[in-house]
Protein chains: 2
Amino acid sequence: MRFELTKEFLEVLRQKIASEDIPWIRENVLELHYADVAEIIDKLNNDEAKLVYFLVDEDTQADILMELEEEVRDRFLASLSTKEFADQLENLDSDDAADILGDLPNEKIQEVISHMEDDEAAEDIVDLLNYDEDTAGGLMQKEFFQAHLDWPVNRALIELRKQAEDVEKVYNIFVVDEDTRLVGVLSLKRLLFANTSTKVADLFQSKNIISVKTSDSAEEVSNVMEKYDLVSVPVVDYQNKLVGRITLDDVVDYIKEEADKDFQMATGITDNVDSNASILRISRSRLPWLIIAMAGGIVGAKVISNFEDSITEIPAMAFFIPLITAMGGNVGVQSSAIVVQSLARGDKDLGRILPKLLREAKVGLLNGLLLSSLIFGIASFFENSELGLVVSLSLFTVILFAAIFGTLFPLILNKYKVDPALAIGPFVTTLNDVIGLFIYFSIGLLIYGA
Amino acid sequence: MRFELTKEFLEVLRQKIASEDIPWIRENVLELHYADVAEIIDKLNNDEAKLVYFLVDEDTQADILMELEEEVRDRFLASLSTKEFADQLENLDSDDAADILGDLPNEKIQEVISHMEDDEAAEDIVDLLNYDEDTAGGLMQKEFFQAHLDWPVNRALIELRKQAEDVEKVYNIFVVDEDTRLVGVLSLKRLLFANTSTKVADLFQSKNIISVKTSDSAEEVSNVMEKYDLVSVPVVDYQNKLVGRITLDDVVDYIKEEADKDFQMATGITDNVDSNASILRISRSRLPWLIIAMAGGIVGAKVISNFEDSITEIPAMAFFIPLITAMGGNVGVQSSAIVVQSLARGDKDLGRILPKLLREAKVGLLNGLLLSSLIFGIASFFENSELGLVVSLSLFTVILFAAIFGTLFPLILNKYKVDPALAIGPFVTTLNDVIGLFIYFSIGLLIYGA
């Protein structure tokens, strides 16, 4: 049975915490899965949280801590003494501890580390802090199983049993030579069914070992793990020495975050704001995009005002303003979305910009022709064939332009190391609006003026 | 070293295939990781692919087959005889085989199954075909490790070794009672280090066992695996009998597909069209959204034409048309994106629509007030304070309306089991455009008319 957190349960729990009914808490909260305990603690205040949290055994504390919502975790940890904070970090996997520490100011990091008792754990964390968080080094943990080539299975079992204390989840055992260089991988399954006198060297898989370098980007790690169906991947340094491992769950988090980020960019929300955040924070996170859109609207107004005479003469020109801007925006977003997606998938063919551009131009040409013939009929019927011609010609030009611009813009952003997803949001739409208006009225002037 | 597929390599390979240089192919292709071999086969034609594919051993064939691009795989399998097809299916994990078969017409399914020699495998596949592909039953595979409660470790090892033939990847061993009801989970790690005379009953974990039901939705499975950090989850039927398992890699594929789908919806691309597809196919996949946007533009033109007199009298009204439509669209997309995201995360609080709506309304109110005061100044300076008032009042109303509508629309879609992500695309923008125009000109008429 999966636990379902209800308001009623929370209320009862709060009362039990207030009356310090420890036996009740033990029976009704501590028996739950740690992810459920974390969900409960997310809803408690710091004092209530502390009481529950410190009833739990140390290993489960670490699990709970990493499951808490980031805001709650930061708040909770900030309420601890430096010594308590250091103790909590020692319980964590090295990658998690480094992630939490990495967000703190430098002095605080030093202070916390100086309070850690386990020197080896402290060293691991300090080492991990050196890596950029978007690289394999930043994703990896220092806890993994490793076996030496020349161990027999029974020795391997003894050594691994020692390592098992630190390694929570085991997927594969990494096999190293005497210089701790990665030479292969041994699955737990093979080890389990092996004869105790067999040597690791005779069991392990040395062909096609997939590893990543500490400096590989998180995106690359994610692509490699997906391509090769890996649940864990060994991380090596430049000398091919084994320094860590990355597990799929960390990468899944990364994939989800990236997808969220792209989605947010495309929909004009700058920040991953919790839906329970204050009105003011939500407001602020959306304003930048709206201001960009408004600035675009103002420039658009300026463009149209330059053609005021056209509107006075032919008011029907105004009718199709929304159509022109909407079409430019939509076509632009479609083209840039495709480019952003291929970039995110690590598509390397993109270096060759020209064929991509050509294809989008062709698609724009085709859709432009189709839609502009359609609108010619409609606008002619609406007003007269002269306006039909203006709208139709403009629409065609706008679609073609938007397709090309929508393709180029994210590619250019990417080239200058700006997140290309930025292109899909209000940015491209707004620019297309302004340029579309200019095209529309210029063509109008040309045709009506003639 | 990871393999990098180059044009030059492909050319050489093609020549070697043409001259049937089997030793060269063995040495240079078959030695590669199966994912790389799949990448190579993706680029070959059917005849070339067959030659390479059938040089590989059966187990690796299955791995390669599942790594091929779907189009290539379908084409390749269609070129096989029914007998060959059936042989290939027998090599696959049951979930993969069922996925491939499920896409075929019914007669073809029966024909292929009748050609399968392994009755048990055929039965597993037929069973899996009964489940909807978006449910746990549709995601699960029939291959997993299971141990009985009362087995001692040494018996478990012998039994598991037998099961190991079928189960490619082992994460956990599921523990069942005499009625094959799921009672717990045993980690490979614990089994590895256990005394051979210990009983499974003394080793396994029976507390907080997380399982899913065959009828649970894929979304629920994904949320459960994420929440509880699972690499594999047991699937049970209504009597809690163990019937399958789902592994994280299948769910990762699902997560990626869903994220892609939302992104595509938001950016107006209906279909997951390969970026190498023909111009015509790409064109077609984007047209639906463009036609919706164009229809919106035409309705917008109709709305404005109803206010033709206003424009003739005050041409400056036309200047701010793009600003009004752009702002309505952007605000609407922001609000609906937030709702779609919480729905995708399985946020259940959403059942209570009112507080959500209230919050978005407040954010709209705040941003609306801010931006409309700003635009009042700008539009007044641009033309006169009367126009300033019209634009400012309209902008405020449009933002407030778009925020509320953007929140409600995906919630309504979701209620009627339509993918709420549909709301973020051109749909909401287009509707907001039309309604925004109506608001703008109505307010204009009201103020100028007075």
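## Close-up views of a predicted two-chain model

**View 1. Chain A meets chain B.** The contact draws 85 residues from chain A and 85 residues from chain B. On the side of chain A that touches chain B, the most residues come from helix 17 of chain A (residues 279–306), which gives 16. That side of chain A holds 52 nonpolar, 18 polar and 15 charged residues. The model shown here, and in each view below, is predicted.

**View 2. The nonpolar cores.** The largest nonpolar core has 123 residues. The residues with the most contacts inside this core are M327(A), I399(A), M327(B) and I399(B). In soluble globular proteins, nonpolar side chains tend to be buried together.

**View 3. The surroundings of I399(B).** Setting aside residues up to four places away in sequence, I399(B) touches M327(B), V331(B), G364(B), N367(B), G368(B) and L371(B). One of these, M327(B), is also listed with I399(B) among the residues with the most contacts inside the largest core.

**View 4. Chain A as a whole.** Chain A has 23 helices and six strands. Its radius of gyration is 30 Å, well over the 22 Å that the globule rule gives for 450 residues, so chain A is more spread out than a compact globule. Along the principal axes, the C-alpha atoms of chain A fill a box of roughly 90 × 60 × 45 Å. Of the 450 residues of chain A, 46% count as buried. Take the contacts in chain A between residues at least 6 apart in sequence: 69% of them join residues at least 24 apart.

**View 5. The sheet 4-5-6 of chain A.** Three strands of chain A make an open sheet in the order 4-5-6, with mixed pairing. At the edges are strand 4 (212–213) and strand 6 (242–247) of chain A, and each pairs on one side only. Strand 5 (residues 232–236) and strand 6 of chain A are antiparallel, with five bridges. S232(A) stands opposite T247(A) of strand 6. Helix 16 (residues 248–267) of chain A packs on this sheet and touches strand 5 and strand 6 of chain A. The direction of helix 16 makes about 60° with that of strand 6.

**View 6. A hairpin in chain A.** Strand 2 (residues 172–176) and strand 3 (residues 182–187) of chain A pair in the antiparallel sense over five bridges. V176(A) stands opposite L182(A) of strand 3. The hairpin has five residues between its strands, and T180(A) takes a positive phi near 55°.

**View 7. Q146(A) and its contacts.** Q146(A) is found in strand 1 (residues 146–148) of chain A. It has 19 C-beta neighbours inside 10 Å and counts as partly exposed, because a buried residue needs 20 or more. Leaving aside neighbours within four places in sequence, Q146(A) is in contact with I173(A), F174(A), V176(A) and L242(A). The C-alpha atoms of Q146(A) and I447(A) are separated by 76 Å, and these residues are 301 apart along the chain.

**View 8. The sheet 1-2-3 of chain B.** Three strands of chain B form an open sheet in the order 1-2-3, and the pairing is mixed. Strand 1 (146–148) and strand 3 (182–187) of chain B each have a single partner strand, so one side of each is left without a neighbour in the sheet. From one strand to the next, the twist averages 35°. Strand 1 and strand 2 (residues 172–176) of chain B are parallel, paired over three bridges. The bridge partner of Q146(B) in strand 2 is F174(B).

Technical notes
Residues are numbered from 1 along each chain as its sequence is written. Chains are lettered from A and ligands numbered from 1 in the order in which they are written. This is a predicted model: local features need pLDDT of at least 70, side-chain atom pairs count only at pLDDT 80 or more; totals for chains, interfaces and linings use all residues. Two residues are in contact if their C-beta atoms, placed from the backbone, lie within 7 Å. Helices (H or I, at least four residues) and strands (E, at least two) are DSSP runs, numbered from the N terminus. Ala, Val, Leu, Ile, Met, Phe, Trp, Tyr, Cys and Pro count as nonpolar, Asp, Glu, Lys and Arg as charged, and the others, Gly among them, as polar. A nonpolar core is a set of buried Ala, Val, Leu, Ile, Met, Phe, Trp, Tyr and Cys residues joined through C-beta atoms within 7 Å. A residue is buried if 20 or more other C-beta atoms lie within 10 Å of its own, exposed if 12 or fewer, and partly exposed in between; C-beta atoms are placed from the backbone. Two strands pair if DSSP finds at least two bridges between them. Axes are lines fitted to C-alpha atoms, for helices over the stretch in contact, and angles run from 0 to 180 degrees between N-to-C directions. The radius of gyration is taken over C-alpha atoms; the globule rule is 2.2 Å times the number of residues to the power 0.38.
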